[in-house]
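Visitor: I would like to learn how to read a structural model feature by feature, taking the general idea before the particular case. Could you guide me through one?

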2 protein chains.
Amino acid sequence: MNEKSTIKPYVIGLDLGGTNSVFGIVDSRGDIKATTAIKTQGYETSEAYVDAAVDALQIIIDQVGGIDKIKAMGIGAPNANYYTGNIEHAPNLVWGKGIVPLAKMFSDRLGGIPVAITNDANAAAIGEMTYGVARGMKNFIVITLGTGVGSGIVVNGQLVYGHDGFAGELGHVTMVRGEEGRSCGCGRTGCLEAYCSATGVARTAREILEKSTEPSLLRDLKPEDITSLDVSIAAGKGDKIANEIFEFTGKMLGEACADFAAFSSPEAFIFFGGLVKAGDLIMNPIKKGYDDHVLNIFKGKAQFLISGLDGASAAVLGASAIGWEINAQ
Amino acid sequence: MNEKSTIKPYVIGLDLGGTNSVFGIVDSRGDIKATTAIKTQGYETSEAYVDAAVDALQIIIDQVGGIDKIKAMGIGAPNANYYTGNIEHAPNLVWGKGIVPLAKMFSDRLGGIPVAITNDANAAAIGEMTYGVARGMKNFIVITLGTGVGSGIVVNGQLVYGHDGFAGELGHVTMVRGEEGRSCGCGRTGCLEAYCSATGVARTAREILEKSTEPSLLRDLKPEDITSLDVSIAAGKGDKIANEIFEFTGKMLGEACADFAAFSSPEAFIFFGGLVKAGDLIMNPIKKGYDDHVLNIFKGKAQFLISGLDGASAAVLGASAIGWEINAQ
């Protein structure tokens with residue numbers, strides 16, 4: 001930390017989700033000093049949203065000693081473009097259908113502090129580098145396993161944004177080509193996300209249950225109600241079918257990581273999200289899929305890690321870490 | 001160029017190939033001022049190779065005014081590790097089976113000038129950025145189509161070496177999973193290289209000729225003698241089968257580029273090597289394969305370019321460009 005950072009010891013993180021917008025004021029160690037939240041969707045315009053956000057923020061800013069203690073703000077949000085500072089055509093935000101210059105809007109209302117914005121998977125990657133298991137690493141990939149499959153890629157110590165700000169969509173590399181590929185939410189087929197997102201895992205569960213006659217705890221549930229959490233719980237109890245589902249999912253992720261190694265040869269793959277709460281039950285199949293498939297020169301070199309950020313506040317921490325990044329530049 | 005570069009206006013490039021080692025002294029515009037060459041394999045030890053190389057080099061160094069005019073040296077070589085400066089276990093070099101600290105060996109013999117080494121595809125990428133069609137670009141990917149399929153990836157204006165120096169092996173991403181995949185020289189199956197290298201294209205030719213009864217100029221050749229150059233020549237004459245071979249190859253490359261876009265969202269894909277001499281006959285199928293397959297947010301954004309480096313001297317120029325890179329750091 002340089003001299004200035006002792007004067008301005010905090011950054012603001014905003015995890016802008018589809019339902020809630022959670023704010024945290026965070027120090028350089030990743031300790032959250034104060035938090036607040038508003039509903040994301042309760043506003044018709046982006047101006048009204050920012051008004052409400054700044055009203056809520058002001059209270060916690062005052063708690064830590066005022067805006068002069070704040071170095072910068074980072075926002076993790078859907079359809080966020082790091083280069084422009086805009087949210088662009090976010091289909092799931094009431095007030096986000098067009099181009100919303102959210103970074104500038106917050107900066108203007110917060111005394112001109114620097115504000116940067118990126119998507120949540122990129123925020124997670126910077127969070128891991130700042131406070132988590134990637135501290136000191138220069139080349140790694142974070143893969144977020146949630147409703148979708150996202151990724152944040154770090155090369156030479158910098159996040160990979162690409163020429164347009166939209167790099168790191170590893171959920172949409174093609175794993176199964178041609179007609180056999182599962183349909184994906186992106187309109188194409190065979191994407192990694194179609195197999196390894198929460199809904200992808202649930203679909204795998206239904207497919208494997210249908211093909212097999214093996215007894216399983218998952219048979220107590222209606223097929224259409226099975227979630228990836230149910231699979232995790234059953235796998236934890238030693239359920240064979242549930243473990244088969246994880247083996248299929250892990251193999252797919254491991255083989256995808258083998259391709260990613262051929263791209264950027266990271267020292268670690270870091271997994272984030274609900275699925276990795278299953279621990280070795282999912283991580284071992286991932287590692288096996290990778291080892292069985294990766295090019296010889298990469299074998300045995302990469303670590304496979306679980307996110308070091310605390311689940312509940314991980315997204316806010318990730319967002320706040322973007323604030324430190326601005327200052328590092 | 002800074003002040004020093006007006007005093008030391010040249011770099012040495014060495015294209016260390018399996019047969020010949022070609023040296024060039026190059027200025028900052030990419031003009032080759034002097035060249036020489038030795039046989040790569042005519043030496044039993046790396047010391048004997050470097051002795052012969054420096055003897056040959058000394059003559060052209062003197063031609064440009066002596067070693068004081070040389071800023072640095074760049075080497076493009078197989079199995080080269082940028083971080084260590086070594087050639088590591090190069091199976092095709094008589095004197096390269098172990099660890100050969102080639103960068104240090106040349107530096108020691110050339111008055112201590114900085115020497116850097118990398119593989120030929122990475123050298124091509126730096127060459128394009130320094131003298132070629134990627135001047136001014138910060139995010140692009142060079143794909144070399146030759147005996148193998150290689151790649152050099154630039155992100156944020158820097159070459160991607162990965163944590164171990166071996167990143168950018170895009171010839172070995174898996175395009176066809178499972179038993180259907182063609183066997184690849186790397187010992188695995190389904191790699192991009194197994195389809196789009198010179199031997200891959202020749203294999204596609206044999207497969208398509210066998211399946212079809214369509215007349216073709218290629219039927220005048222023995223199937224085992226068909227080369228990718230024969231396919232290019234036939235395609236140029238409007239041969240249907242030859243164009244079908246290019247469509248298959250281009251589709252595979254285009255779909256691979258769609259995955260690469262999801263990774264680093266480059267502003268351009270630059271193709272290098274014998275195959276691209278066919279021009280639009282191969283480039284159009286590549287673009288179509290990409291457009292048909294890429295994620296919506298990337299559609300229409302990337303350029304598809306043919307290398308801007310002159311074929312005969314491209315490898316030496318690429319290698320020399322690494323020399324300027326050292327100085328930029």
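Guide: We will go through a helix, the interface, some histidines, the backbone angles and the salt bridges in turn. Please keep in mind throughout that this is a predicted model.

Visitor: Let us begin with a helix; how many residues does helix α8 of chain A have, and what distance does it reach from its first C-alpha to its last?

Guide: The general idea is that an α-helix has 3.6 residues a turn, so residues three or four places apart point the same way. Helix α8 of chain A, residues 240–264, has 25 residues and reaches 35 Å from its first C-alpha to its last, which is close to the 36 Å expected at 1.5 Å a residue.

Visitor: Is α8(A) enclosed or open, going by how many of its residues are buried?

Guide: Because 20 of its 25 residues are buried, α8(A) is largely enclosed by the rest of the structure. As for its ends, a side-chain oxygen of A:Asp239 comes to within 3.3 Å of the backbone nitrogen of A:Ile241 at the start, and A:Ser265, with a positive phi near 40°, follows the helix.

Visitor: How many residues of chain A are in contact with chain B, and what area do the two chains bury between them?

Guide: The size of an interface is often given as the accessible area lost when the parts come together. Here chain A and chain B bury about 3600 Å² between them, with 54% of it on carbon and sulfur atoms, and 40 residues of chain A are in contact with 40 residues of chain B. Of the area that chain A buries against chain B, 23% is supplied by A:His163, A:Arg177 and A:Phe263, more than by any other three residues.

Visitor: Which elements give two or more residues to the side of chain A that touches chain B, and how many polar contacts cross the interface?

Guide: Across this interface the rule finds 28 residue pairs in polar contact, both residues being at pLDDT 80 or more. The elements of chain A that give two or more residues to the side touching chain B are β10 (149–155), β11 (158–159) and α8; of these, α8(A) gives the most, with six residues. By class, that side of chain A has 20 nonpolar, 12 polar and eight charged residues.

Visitor: Where is A:His293 placed, and which residues does it touch?

Guide: A:His293 is placed in helix α9 (residues 280–293) of chain A, and it counts as buried because its relative accessibility is 14%. Setting aside residues up to four places away in sequence, A:His293 touches A:Glu255 and A:Ala258 as well as B:Thr174, B:Arg177 and B:Arg188. The side chains of A:His293 and B:Thr174 are joined by a polar contact of 2.8 Å.

Visitor: Is B:His163 buried, exposed or partly exposed?

Guide: At 27% relative accessibility, B:His163 counts as partly exposed, and its place is in the loop between β11 (158–159) and α5 (192–196) of chain B. Among the residues that B:His163 touches are A:Asn139, A:Ser264 and A:Lys301, and its side chain reaches the backbone oxygen of A:Pro266 at 3.4 Å.

Visitor: Which residues have a positive phi although they are not glycine?

Guide: Most residues other than glycine have a negative phi, and most peptide bonds are trans. Two cases to look at are B:His89, with a positive phi of about 50°, in the loop between β6 (86–88) and β7 (99–100) of chain B, and B:Asn156, also with a positive phi of about 50°, in the loop between β10 (149–155) and β11 of chain B.

Visitor: Finally, how many salt bridges does the structure hold over all chains?

Guide: Side chains of opposite charge can pair when their charged atoms come close. The structure holds 20 salt bridges over all chains, and six are found across the interface of chain A and chain B.

Key: Residues numbered from 1 in each chain as written. Chains lettered and ligands numbered in written order. Predicted model: local features only at pLDDT ≥ 70, side-chain atom pairs only at ≥ 80, totals over all residues. Heavy atoms only, no water. Helix = DSSP H or I, 4+ residues; strand = E, 2+ residues; numbered from the N terminus. Expected span 1.5 Å × (residues − 1). Buried < 20%, exposed > 50% of the residue type's maximum accessible area, 1.4 Å probe, protein only. Polar contact = N/O pair within 3.5 Å; in protein donor to acceptor, adjacent residues only side chain to side chain. Contact = heavy atoms within 4.5 Å. Buried area = accessible area lost by both parts, 1.4 Å probe. Salt bridge = Lys/Arg side-chain N within 4 Å of Asp/Glu carboxyl O. Nonpolar A, V, L, I, M, F, W, Y, C, P; charged D, E, K, R; others polar.
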